[in-house]
Amino acid sequence: MLKSPDPFLPLCFILVAVVPRALAAAEAELSEYQAVSGISGTLSATGSDTVANLTTFWAEEFKRIYPNVNIQIQATGSSAAPTALTEITANIGLMSRNMRRAEIQSFTARYGYPPTPVPVALDALAILVHRDNPLPRIELAEIDAIFSSTLRCGAGRRIGNWRQMGLPEPWDGRGILAFGRNSVSGTYGFFKETALCRGDFHVEVNEQPGSGSLVQAIGSTLNGIGYASIAFSTSSVRIVPVSWRHAGEERITTPAQAVDGEYPFTRYLLFYVNRPAGGSLPPLEREFIRMVLSREGQEIVSRSGYIPLPAALASESLGALAP
């Protein structure tokens, strides 16, 4: 269930922010990347640790093609990306959520045009528990009741132990220990909007500085539960199917159904760039994004545990960069 774009985002994002299922019939094969001459210099990317993880793999391939290129990647959280792009301390803002209206307005006030978002991959947030936890599935309202203090998704009370989730002995005597990301994270913001119905996290949620540390914490805590990009899942945790209702019918879905638009916590991973209105990107940025959206780039997405863009959507992303 991909989120609709914020109405204040640039038109180019609205053109590509469509449910992947609607593009499936129109898919064509992705083009192979064709190297060009004269590409060198330093490229810097700052922001989401989810996107930074993937960008590291893209950078390795790009440096193989262009040995004279230096790529610097900082995983500082999605909230750091807009400022870095505006202040020119990064060429690319890495974000696992849409830029907020205030962030776009701040950039626009300086440059006279908005930043350009480029979808580069799909991702699904998995609900994770310890690998020995037998929880068969979890409802959207139950997720909210575990993680929030506001209960905006329909639950009548908070859930604080596994007995309330219907687990038998010895689980019925165990409390629930919830883990989440910190507030600079795009994953935190996306989960707050989609899983908490724009409510507030409960103060007892244990905030973690990165997705890797969050998964590690759940894997070492028998009664733990949390959320992270599917790419960070390990053998120490188990992905719990999510139950939700659509048109009066219950649907039990997993991240594997994200590409069909069936999974409720599906999102775009984004590059934000500074492309002047009617202008083009510098050659280094342009070629890096061309490689990311090529057949080779999207194969890296798949190998890294994320979800490749449908070919038609990758083509739209490239078209959004044209003058």
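This is a predicted model: local features need pLDDT of at least 70, side-chain atom pairs count only at pLDDT 80 or more; totals for chains, interfaces and linings use all residues.
Biologist: What does glutamate 250 pair with?

Modeller: Glutamate 250 forms a salt bridge with arginine 137, and here the closest N and O atoms are 3.3 Å apart. Glutamate 250 lies in strand 11 (residues 249–253), while arginine 137 lies in the loop between strand 4 (116–130) and strand 5 (138–139), so the pair ties together parts that are 113 residues apart in sequence. As for accessibility, glutamate 250 is partly exposed with a relative accessible area of 37%, and arginine 137 is also partly exposed, with 35%.

Biologist: How many salt bridges does a search of the whole structure find?

Modeller: The search finds 13 salt bridges in the whole structure.

Biologist: Switching to aromatics, how many pairs turn up in the whole structure?

Modeller: There are 17 aromatic pairs. One of them joins phenylalanine 147 and tyrosine 227, whose ring centres are 5.7 Å apart and whose planes stand at 70 degrees, so the pair is edge-to-face. This pair links distant parts of the chain, since phenylalanine 147 is in helix 6 (residues 140–147) and tyrosine 227 is in strand 8 (residues 224–229), 80 residues apart. Both phenylalanine 147 and tyrosine 227 are buried.

Biologist: What about phenylalanine 191 and phenylalanine 265, how are those rings arranged?

Modeller: Their centres are 6.0 Å apart and their planes are at 45 degrees, so the pair of phenylalanine 191 and phenylalanine 265 is tilted. Phenylalanine 191 lies in helix 7 (residues 186–194) and phenylalanine 265 in the loop between strand 11 and strand 12 (266–273), so this pair ties together parts that are 74 residues apart in sequence. Phenylalanine 191 is buried, with a relative accessible area of 0%, and phenylalanine 265 counts as buried at 1% relative accessibility.

Biologist: Which residues form one aromatic cluster?

Modeller: The cluster consists of Phe147, Tyr188, Phe191, Phe201, Tyr227, Tyr263 and Phe265.

Biologist: Now helix 3, what does its span look like?

Modeller: Helix 3 runs over residues 49–65, which makes 17 residues, and it reaches 24 Å from its first C-alpha to its last, close to the 24 Å expected at 1.5 Å a residue. At its N-terminal end, helix 3 is capped by serine 48, which has a side-chain oxygen 3.1 Å from the backbone nitrogen of threonine 50.

Biologist: Where is threonine 50 itself, and what is it in contact with?

Modeller: Threonine 50 is found in helix 3 and is buried, with a relative accessible area of 0%. Leaving aside its neighbours within four places in sequence, threonine 50 is in contact with Asp123, Thr187, Ser211, Ser229, Phe232, Arg267, Leu269 and Tyr306. The buried residues of helix 3 also include Trp58, Glu61 and Phe62.

Biologist: Where is confidence lowest, and where is it highest?

Modeller: Confidence is lowest in helix 1 (residues 11–16), with a mean of 32, and highest in strand 3 (residues 92–95), at 98. Over the protein, the average pLDDT is 89, and 90% of the residues score at least 70.

Biologist: Last one, where does serine 106 sit?

Modeller: Serine 106 is in helix 5 (residues 101–111) and counts as partly exposed, at 43% relative accessibility. The C-alpha atoms of serine 106 and proline 82 are separated by 8.6 Å, with the two residues 24 residues apart along the chain.

Notes. Residues are numbered from 1 along each chain as its sequence is written. Side-chain values use heavy atoms; hydrogens and water are left out. Helices (H or I, at least four residues) and strands (E, at least two) are DSSP runs, numbered from the N terminus. The expected span of a helix is 1.5 Å times one less than its number of residues. Buried means under 20% relative accessible area, exposed over 50%, partly exposed in between (1.4 Å probe, protein chains only). A polar contact is a pair of N or O atoms within 3.5 Å; within protein, one must be able to donate a hydrogen and the other to accept it, and residues adjacent in sequence count only if both atoms are side-chain atoms. A salt bridge is a side-chain nitrogen of Lys or Arg within 4 Å of a carboxyl oxygen of Asp or Glu. Contact means heavy atoms within 4.5 Å. pLDDT is the predictor's confidence in each residue, from 0 to 100. Rings of Phe, Tyr and Trp (its six-membered ring) pair if their centres lie within 6.5 Å; planes under 30 degrees apart count as stacked, over 60 as edge-to-face and the rest as tilted.
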